[in-house]
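Colleague: I have a few minutes before group meeting. Can you walk me through this model?
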Amino acid sequence: MAVLSGLLILFALSGAVPADAVTGSVRVRPGDDWTLPGWVRPSPNSGFFSEQAAPEYHVDLRGLDLTWRQLQPGGPGRLRDDTTGTAEDLTFRPLREQLAQKRPFWMRVFASGSSWAPGWVADECGVEPIGPDYEGQYHLPVWNECVWGRLLGLYKKLFVESGLRADPRLRFVYVPGAFTWAEFDYDIVSAAAKQGLTFEEYRSWYSHAWRDLAALFGPYRTKLVFTGEDYPWSPWGSRTDLFARQAVDAGLGVRTGITEEFNYHLSEAPSYGSRIEPDGHMTVDESLPVHDGRHIVATENECFNDCGYTTADPYYAVRQANLKALQLRMNWVYVVPGPSYMKQYPAQWRWVRLSIGKTASDSPDAWAALRDAEDTYWKDGTGPFTGNRAWRTRPWVRNLERWLVQRDVRPDGTPRRSTADVHRNVLSEENGTAYEGLSTDRAHGQTSMYFDVDDRFRARGDRRAVDVKVTYRDAGRGAWWIEYEGGRSPRVRRSGDGAWKTATVRLPRPVFAGRLRGGTDFRLATGAGDDLDVRFVRVVRRSGP
C-alpha cells in the first residue's frame with residue numbers, strides 16, 4: 001500500500017496520472033453558468049438593499065431617509081417625528097410614518113448640506129457653508145468641533161434615547177451623514193483646504209470622530225457604516241491614504257460606492273483587507289474584525305447605464321462589478337432593480353445573493369476569474385507601491401479570486417493573458433484595459449493551468465464529490481481535462497465553434513492535498529492541438545459544508 005501511495009504522489013508531482021484513474025463526468029452548456037446546489041441558503045447579515053424593497057428581486061431591505069433639519073428644525077431640544085424633509089431631490093416622510101412600517105430598514109441622515117442642516121447650527125457655531133459639490137450644493141464643515149458636537153447630540157437623541165439603535169429592524173446606518181448623497185468624499189474637504197483648513201485641524205477631528213460614533217452606539221456599533229474610501233483624493237496627498245482604516249479600526253463597517261469601476265482604485269483597499277501582492281494577485285485579510293460576520297461590508301452596484309456612466313455591454317459590466325464586490329468579501333449590495341439589470345440577468349444576481357456574506361468554511365463555491373486588468377490608479381507609480389512594495393506587473397493585476405487561486409507553476413503552468421475577450425475603458429477611461437481570460441502557451445511549453453483550493457473551503461482529508469465549472473472558449477482543435485492527485489477527469493473535446501461555454505466536470509472523490517507542482521491541488525491540462533482560453537473556474541460543493 002505504501003508503494004502504491006508513493007507512486008500516486010510521484011505521478012501527481014510529475015504532472016501525470018495513471019490511465020485507469022479516469023473518473024467523473026462532463027456536461028457542457030453555452031455561456032456562463034451561475035447555478036448552485038439546492039441546499040444553499042442566504043447568509044445571516046447579508047442582502048440587497050435599496051430605497052424601496054423589491055422582494056421579487058430579493059431586495060428585502062428598504063431605506064429610511066431623514067434630514068437633520070426635519071428632526072431638529074428649531075433647536076437642539078426635542079426630536080420632531082412629524083415633519084418632512086428633502087435632500088438630493090427626494091422628499092422624506094415624517095419619522096413616525098417611516099417607522100410605522102414593519103419591514104427592516106437601513107438609514108441615512110442627510111446632515112451636512114446647508115439645506116439639510118437646520119439654520120440654527122451655522123448660527124450657533126459661527127460657520128459658513130463650503131462648496132459647491134458636484135451637484136451644486138454647499139455643506140457645513142462637519143470637522144468643526146461645534147458642528148460635530150451638535151450632530152452627535154442629534155444622533156444621541158435619535159438612536160440612543162429613542163432606542164432606535166437597538167431596534168432589530170435597523171440593520172445599518174450610513175455615517176457621518178456628509179457629503180453628496182451622504183458619501184464621505186473629499187471634494188468639500190479639498191474646497192475647505194483652499195480656504196485655509198489645515199491638515200492638523202482636520203486630523204485632530206478625524207482622530208476621534210469615529211470613536212465618538214462607536215462609543216455612542218456601544219454594543220450596536222457594528223450597525224455603523226463609514227461611507228469614505230481608502231486612498232481618497234485628498235488635498236494632503238498620501239497623508240490621508242489610510243484614514244478609512246481608522247474608521248474600521250474604531251469598530252465601524254465600511255462601504256464603497258463604485259465597484260462598477262471594477263478595475264480601478266479598489267485593488268489595494270486596506271479597510272477591506274485587500275492587498276496587491278508582489279506577484280500581482282490580490283489577497284484579502286479575512287481576520288480583520290470587519291469580516292467577522294457582524295459588521296457591514298457594503299457596496300453599490302447600480303450605475304451601469306446611469307449616474308453619468310454608459311456601456312454597450314451591460315452584462316459584462318454587471319458581472320465584473322459583482323465579481324469585484326465578492327472578491328472584497330461584501331455582505332451587502334445596494335441595487336436599483338432597473339439600473340442594476342436585475343430582470344435581465346436573474347441567474348447572475350441570484351448567485352450573488354446566495355454568495356454575499358459567505359465565508360470559506362460555508363461557501364458553496366470557490367472561484368477564480370482569470371484575467372489581466374489594468375488598475376490605472378497606480379499607473380504613474382505614486383502612492384504606497386514604491387520601493388520594496390512595488391509589484392512586478394504594475395499596473396496590471398492578475399485575476400479576481402475567492403478561495404481558489406491560480407498559480408504560475410514551472411515548467412508547464414505559466415499561462416499568458418488571453419486576447420480572445422478584451423475590454424477597454426468600460427464605463428470610464430480610468431477603468432483601463434482588461435484581458436478576460438488566460439491562455440495556455442503551447443509554443444513555449446505552457447500546456448497547463450494550476451489551481452490551489454483554500455484549505456478552509458475544503459479540508460485536505462475531504463473526499464466528497466465536487467463539480468469544477470470551467471468557462472472556456474470552444475475554439476481550435478484539441479481537448480482538455482482536469483488532473484488531481486491520483487486521478488483525472490474525462491476529456492472535454494473542443495468543437496471549434498469559437499463560443500464561450502462552461503463545462504461542468506464532476507469529480508467523484510478528488511484528493512486536494514496540495515501535492516501537485518507548486519503545492520497546488522489540481523490543474524487544467526491540454527493535449528495536442530491549439531491553445532486553450534479559460535475565463536472562469538469554479539469549484540462547487542455537491543453537499544453542504
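Modeller: Let me start with a disulfide: C303 is joined to C307, with the sulfur atoms 1.9 Å apart. Keep in mind that this is a predicted model.

Colleague: What is the torsion about the S-S bond of C303 and C307?

Modeller: About -65°, so that disulfide is left-handed.

Colleague: And is C303 buried or exposed?

Modeller: C303 has 8% relative accessibility, and buried means under 20%, so C303 counts as buried. C307 is partly exposed, at a relative accessible area of 44%.

Colleague: How many disulfides does the count come to?

Modeller: The count is 2 disulfides. C125 and C146 form a disulfide too, with 2.0 Å between their sulfur atoms.

Colleague: Where in the chain do C125 and C146 sit?

Modeller: C125 is in helix 4 (residues 119-125) and C146 is in helix 5 (residues 145-161). They are 21 residues apart, and the pair links distant parts of the chain.

Colleague: Which hand does the disulfide of C125 and C146 have?

Modeller: The torsion about its S-S bond is about -70°, so the disulfide of C125 and C146 is left-handed. C125 counts as buried because its relative accessibility is 14%.

Colleague: What is the pairing, with the bonded cysteines numbered in sequence order?

Modeller: It is 1-2, 3-4.

Colleague: Changing topic. How much space lies in the largest pocket?

Modeller: About 800 Å³.

Colleague: Which residues lie nearest its centre?

Modeller: Y134, E183, D185, G257 and I258. They belong to a lining of 30 residues.

Colleague: How many of the lining residues are nonpolar, polar and charged?

Modeller: The lining of the largest pocket has 13 nonpolar, 12 charged and 5 polar residues.

Colleague: Now helix 9. How many of its residues are buried?

Modeller: 13 of the 14 residues of helix 9 are buried, so the helix is largely enclosed by the rest of the structure.

Colleague: And its length? What span should its 14 residues have, at 1.5 Å a residue?

Modeller: Helix 9 covers residues 314-327 and should span 20 Å. The C-alpha atoms at its ends are 20 Å apart, which agrees with that.

Colleague: What about R329, which follows helix 9?

Modeller: The phi of R329 is positive, near 65°.

How values were computed. Residues numbered from 1 in each chain as written. Predicted model: local features only at pLDDT ≥ 70, side-chain atom pairs only at ≥ 80, totals over all residues. Heavy atoms only, no water. 1 Å grid on protein atoms, 1.4 Å probe; cavity = no way out; pocket = protein on both sides within 12 Å on 5 of 7 lines; lining within 4 Å. Points joined across faces, edges and corners; volume = space filled by probe spheres on them. Nonpolar A, V, L, I, M, F, W, Y, C, P; charged D, E, K, R; others polar. Helix = DSSP H or I, 4+ residues; strand = E, 2+ residues; numbered from the N terminus. Expected span 1.5 Å × (residues − 1). Buried < 20%, exposed > 50% of the residue type's maximum accessible area, 1.4 Å probe, protein only. Disulfide = S-S within 2.5 Å.
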